[in-house]
Amino acid sequence: MNIPKKWVGRGVALVTGGSAIATVVLVLVVIGIVVQGGWGHLTRDFLLGSPEQGMTKGGIFPAIFGTFLLVTLMSLAGVPVGTITAIYLNEYVGQQSKAGRAIRFAVNTLAGIPAIVFGLFGLGFFINFVGGGADKVLYGGALHWGQPNILWASLTMALLTLPVVIVSVEEAIKTVPRELREGSLALGATRLETIWKVVLPQSMTGILTGAILAISRGAGEVAPILFTGAAYFLPNLPDGLTDQFMELGYHIYIMSTQSVDVEATKPIQFATTLVLLILTFTLNFSAIFLRWHLRGRALR
Amino acid sequence: MKRRIRIGEFLIEKGIATVAFASLGAIVLIFLFVFREAMPIFAMAPESLSGGHESISATGAATVGVSASYGDPVGEAESYGDPVGEPETYGDPPADTSRSGSPAAIDPAAPTTPPTPSTTGEPAGSVLSQILSGNWQPVGDHPKFGILPLVAGSIKVALIAILIAAPVGVFAALFTSTFAPRWAKEAMKPIIEIMAGIPSVVIGFFALTILASLVQTVFGLDYRLNALVGGIAMSMAVIPLIYTLSEDSLSAVPKHFTEGSLALGAPLWETNLRVVLPAAIPGIFAGVLLGLGRAIGETMIVLMATGNAALLSPSLVEPVRTVSASIGAEMAEVVFGDPHYVMLFVLGSLLFCISFALNAVAEIFIRQRLMAKFGGAS
C-alpha cells in the first residue's frame, strides 16, 4: 500500500468521470455516424418516393406512412386506456389498496416483459384467437382477420406502450393541487365532475407527454411487429385495417440483413436510420420539454 | 334529474374501474396465451420433435440467410457440441424438472449434422431430453429442437452486456451524483434520455455496419458477427437503465451520511466509494437485474449483430443465436400449430418467466431501498 491516497482518489475520480464521459461520447458517436452516413441521401425524393428496383433504389414513403398509421392506431387504443387507468389509480383507489397494488404490479410487469413476447402474444391472441375466431364466425373460416395486419400490430404495440402512458399521466395528475379537487367537491360537484372538469384539463400536458413518449417508443420497437403485421415490401399503401404495412424500423432491419445487395443500399439504410432517429428524438425532446413545463407548474 | 345523473355516473365509474383493470387482464392474457400455445409440447410425441416431420417451409432458408452471408457455421455444430460447459442453463425453469435426466441424455441428440434416417429410429427419450439437447436445427427433413445453444447464446450476450454496462453505468452515476458539479448532473440527464430513446434497431444497425468491423479489426477475429459484438451493442441499450436506477439510488442516500464521513476526516473519494456507494447498493443491484432482464429479452440487437448461428461453444467470439433472436427470425416462417411453432412459444414462455422473475426480485430490492430511506428519515 505504498500508493499515496491522493493518487487513489484521483484514480477513482478519473475512472468514474471517464465512464460518464465515455457514455456521452458513445451517444454522440452513434448519432454522428448515422447523421454523417445518411444526411447526403436525405432528399425530398427519398422521403416521398417508393422503393424501386427490388428495394435497391427509391424512397421510403410507404415505411414512413406505415409507421405513422401504426402509431396513430396505437395511440387511439392505448392513450385512453392508459389515461383512465392512471385516473383510477390516483382518484379512486389509495396507494395501499389491494386493487391499486394489483394494477401497479401488473403495469410494472407489463413494462418488464420483452418486446418479442408481446409479438408472440399478438400472434397467439389477436391473430389466432380473436382474428381466427372472427373469421370462423363471420366468414365461415375464410382468412380475413386471422392473419397479420396493421390492426393487430397496433393493438400489440398499444399494450407494449401502455405502461409509458400510465406513468406519464400519473405524474401529471399528481401535480394537480389537492385544493382544486377539494374546492370543486365543496362546491357540490361529484367526483366524476371534478375529474372531468378539474383534474383532466389540468393533466392535459401529462397526457400529451405520455402519448408522445408512447409514440416514440412504438415507432422504435420492431420486435412486436415482426410477425404481427409488418411487411417486407408492398406495392400499395395499406388502405384498410386488414392490410399489412411497411415500417421504418422493420425496413432498416430488412435492408441491412436481407437486402439483395447490402453494400449498395448502405446509403438507403443510413438515411432510413436517420429518419427514424430524427423522428424519435423530436418526439423525445418535445416530451422532455413538456415535462419540464409541467415541473415548473408543480413548483409554482 | 339529479338521480339520473347519479346513475349515469355510477355506470361511468364502473366503466373506469373496468378499464383500469385492463392492464391486469392483459398480463393474465399474455400469460395464458403465450403458455397456451406452448402447451402442446407436453402432449407431443418425442418423434415429432426429433425428426420424420415434413419440411416446414421452403422459405425457411431465408431465416438463416442473415447469417449465411457472414459464413454461417451451423453445419459445424457437432464439433462444438460440448454441453457440459454450461451449468447455468440448468437453472432455467424447464430444465429444473428434468434434472433427473442425467447430462448424458443430452449427447445422443447431437450425433451427425446432415441428419440421417438413423436419427429417427434412435430411442428419443423424453420430450425434455430432446429439448435439452445441443442441436437447434428447426428447418429440414429431421428438425431438432435442442434449446441449449440458444440459452447459452442468450447468457453469453447478456453477460458480456452486463459486464460492460454495469461498471460503466454505475461509475458514471457515481460520478454525476457525487463528484461532479450540479450542472454536470443536469447535463447528463438529457444525454441519458437520448441514449434510452435510441431505438434498438438503430443500435443493431450500428453494431452490424460499424461496430462489427471495428471489433473484428481490433481483436483480429475470424467472424465478423459474434457474441462479443452483440454484447457490446447490447450494453448500449442497458447502460441508460442501469445509470438511471443507480443515479436515483445514489441521490437518495441521505446527505448526512456524506457529511458525517467528511466530518470524520475521510477524503471525498473515500466517502463516495465506501459510504455513499454501499448505502445505494440495493437500488444499484435492482438496476443491474433489470438490465440483465432487458439484455436477455432484447431482440433486434442480437438478431442483427450476433451472426445467428446456433452453436454450443464456450467461445465468446463465435456467432451465437439467442432465444429472442430465434423467435424473431423464425416465427414469421413457421406453420401454425407445427412443432416448430410450439417450440418458439416454449422459448417465449421461457423469456416471460425469466423477465418476470428478474423484475420481481428487482422490485423487492427497490422496495427495500425505499423502506431503508423512509426508516432513515424518521
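Domain bounds here come from an automatic or database domain assignment. With that in mind, chain B splits into domain 1 (2–38) and domain 2 (47–378). This is a predicted model, in which local features need pLDDT of at least 70, side-chain atom pairs count only at pLDDT 80 or more, and totals for chains, interfaces and linings use all residues. Residues are numbered from 1 along each chain as its sequence is written, while chains are lettered from A and ligands numbered from 1 in the order in which they are written.

**Between the domains of chain B**
- Four residues of domain 1 of chain B are in contact (C-beta atoms, placed from the backbone, within 7 Å) with six residues of domain 2 of chain B.
- On the domain 1 side, three of these residues are nonpolar, none is polar and one is charged; Ala, Val, Leu, Ile, Met, Phe, Trp, Tyr, Cys and Pro count as nonpolar, Asp, Glu, Lys and Arg as charged, and the others, Gly among them, as polar.

**Where chains A and B meet**
- Chain A brings 68 residues to the contact and chain B brings 71 residues.
- α1(A) gives the most to the side of chain A that touches chain B, with 17 residues.
- That side of chain A divides into 45 nonpolar, 22 polar and one charged residues.

**A look at A:Glu193**
- A:Glu193 sits in helix α8 (residues 191–202) of chain A; helices are DSSP runs (H or I, at least four residues), numbered from the N terminus.
- A:Glu193 and A:Val15 are 178 residues apart in sequence and, C-alpha to C-alpha, 56 Å apart in space.

Conventions:
Helix = DSSP H or I, 4+ residues; strand = E, 2+ residues; numbered from the N terminus. Contact = placed C-beta atoms within 7 Å.
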